[in-house]
Amino acid sequence: MGRCTALHEEHLALGARMTEFSGWELPLHYGSQIAEHHAVRRAAGMFDVSHLGVVDVEGLQAAPFLRRVLANDVARLAEPGRMLYGCMLNQDGGIVDDLVVGFIDDRRFRLILNAGTREKDLSWLHRQAAPFSVTVTPRDDLAMIALQGPDSPRIADAVVAAGSSGLKPFTATQRGDRFIARTGYTGEDGFEIILPHAEAGSLWRQLFQAGTRPCGLGARDTLRLEAGMRLYGQDMDETVTPLACGLGWTVAWEPEERDFIGRAALERERIGGSPSKFVGLILEEPGILRSGQKVAVANVGEGVVTSGGFSPTLRRSIGLARVPAATGRECRVEIRGSLKRATVVKPRFVRRGTSLIDIC
Amino acid sequence: MSNLPAGLKYAKTHEWARLEADGTVKVGISDHAQEALGDLVYLELPAVGRRVHAGEACAVVESVKAAADVNSPLSGEIVARNEALADAPERVNQSPYEAWLFAVRPDDIGEMDQLLDAEGYRTIAEE
């Protein structure tokens, strides 16, 4: 059995079906994954995301250190409270982890890491931190709740903290012992609230009483897939560069003199051109796309489905895939030995409750 | 614990089998199986006329989470498939013992005796 979060008893009381994920015991769903998915697209849902690694980076050289270890540039964070998404790379440009970093003040940043990479990330961060005057502190004393969906601003104002809805996307504020960020992993408006373990249960119950539907990891996965958000370990890992999984936009090439880890390898890839590209797929025949399925592109070559599943919003199967750069609008995916037609689209399918497919 | 009607026979691989008045056997998946799979979103059913062996995978049920094979509990010929489920696979979640997947005309109805009864299956499902 994995580690339990501060909300474990709440999940059991709500009848959650629990599963082990990255060493944690977490809800897979509380009855129906699809109903939870729709709740987030149409109203509001909440997720226990306490398994994510919250790490504080503090010290005189906190900013120079993060400008070295992250491919995105924290110097872009113009004022305290701003956050950005980016990748931490190895020397070959492979992704050690994708993460969100928040600028707290001149000497303090907060990182949100994937659960599955937490230990690896911490040892990497500690190693890279040696020449810098910084401390890297995992905050195991904190829990994290994601409140997501179109009703979440109203609920956040009433339950999380007055004025929460005034936060701009990708900003955060500290209210008492609650760190409130306008971020998420669903393609909907929403908040992620980081708070002490002892207070997590009370906030969870208040959110529930305000009409927020508890949602499990299952819905979290279909929501992020519809939103075209990458999942570490599936769509990318240490052998994949940001350029090879469609995350080139998170790489801050300017200023040129910023020597972030992995830069030289990425520069070479940028000049040489990537042999593959990252796309969305819509299955045009009955079936379900799943990660690992082979993609065949006539007269071009082969690729692979990196994430796939059923889209509750579109009521059909969608996926993310790495395919040869010359792939056009069509391909075939091998499902149980037969080749099924799929359309190649931009890797985002649904945002803010609305299909994006027609405008791809 | 999950619902297990007493009048049915069960396979260790979580299918149920029900003998109909016309001598054919309807096959579906158990309440335990649908619950473990989660919301079903796609079914692949065997062609009518196909010959199957007992234990042979001949249908696929896919949930939001995973794909799973469904075996024919008996040897024989597929004589019907539940086309109504194609657009409503969630009915397998809602009423697993009404939402049959396919019907097989068994070569030897005696094979039914080799399947488990509800109590025998319960022991396996609860493991």
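This is a predicted model: local features need pLDDT of at least 70, side-chain atom pairs count only at pLDDT 80 or more; totals for chains, interfaces and linings use all residues.
Local features require pLDDT of at least 70 and side-chain atom pairs count only at pLDDT 80 or more, whereas totals for chains, interfaces and linings use all residues. Residues are numbered from 1 along each chain as its sequence is written, chains are lettered from A in the order in which they are written, and side-chain values use heavy atoms, with hydrogens and water left out.

UniProt positions follow the numbering used here, feature names are shortened, and annotations may be inferred rather than shown by experiment. Residues 7-254 of chain A are 27% helix and 29% strand, with the end C-alpha atoms 42 Å apart. Helices (H or I, at least four residues) and strands (E, at least two) are DSSP runs, numbered from the N terminus. Residues 277-350 of chain A, by contrast, are 0% helix and 62% strand, and their end C-alpha atoms are separated by 20 Å.

Several local features of chain A lie in loops. A cis peptide bond, with omega of about -5 degrees, joins E254(A) and P255(A); P255(A) is placed in the loop between helix 7 and helix 8 of chain A. D259(A) forms a salt bridge with R68(A), the closest N and O atoms being 3.4 Å apart. This pair links distant parts of the chain, 191 residues apart: R68(A) belongs to helix 3 (residues 62-69), and D259(A) to the loop between helix 7 (217-226) and helix 8 (263-272). A salt bridge is defined as a side-chain nitrogen of Lys or Arg within 4 Å of a carboxyl oxygen of Asp or Glu. Over all chains, the whole structure contains 35 salt bridges. N299(A), a residue other than glycine, has a positive phi near 65 degrees and is found in the loop between strand 16 (294-297) and strand 17 (301-311) of chain A.

In chain B, UniProt lists "domain: Lipoyl-binding" at residues 24-105. Over this range chain B is 15% helix and 41% strand, and the end C-alpha atoms are 5 Å apart. An open sheet of 6 strands in chain B has the order 1-2-3-9-8-5 with antiparallel pairing, two strands being paired if DSSP finds at least two bridges between them. Strand 1 (9-10) and strand 5 (51-52) each have a single partner strand and stand at the edges, so one side of each is left without a neighbour in the sheet. Strand 8 (residues 76-81) and strand 9 (residues 102-106) run antiparallel and are joined by 5 bridges; G76(B) stands opposite P106(B) of strand 9.

At the interface, 13 residues of chain A contact 14 residues of chain B, contact meaning heavy atoms within 4.5 Å. The two chains bury about 1300 Å² between them, 45% of it on carbon and sulfur atoms. Buried area is the accessible area (1.4 Å probe) that two parts lose on being put together, summed over both. In chain A, R17(A), R290(A) and R336(A) lose the most area to chain B, together 42% of what that side buries. Between chain A and chain B there are 4 salt bridges, including that between the side chains of R336(A) and E62(B) (3.0 Å, N to O).
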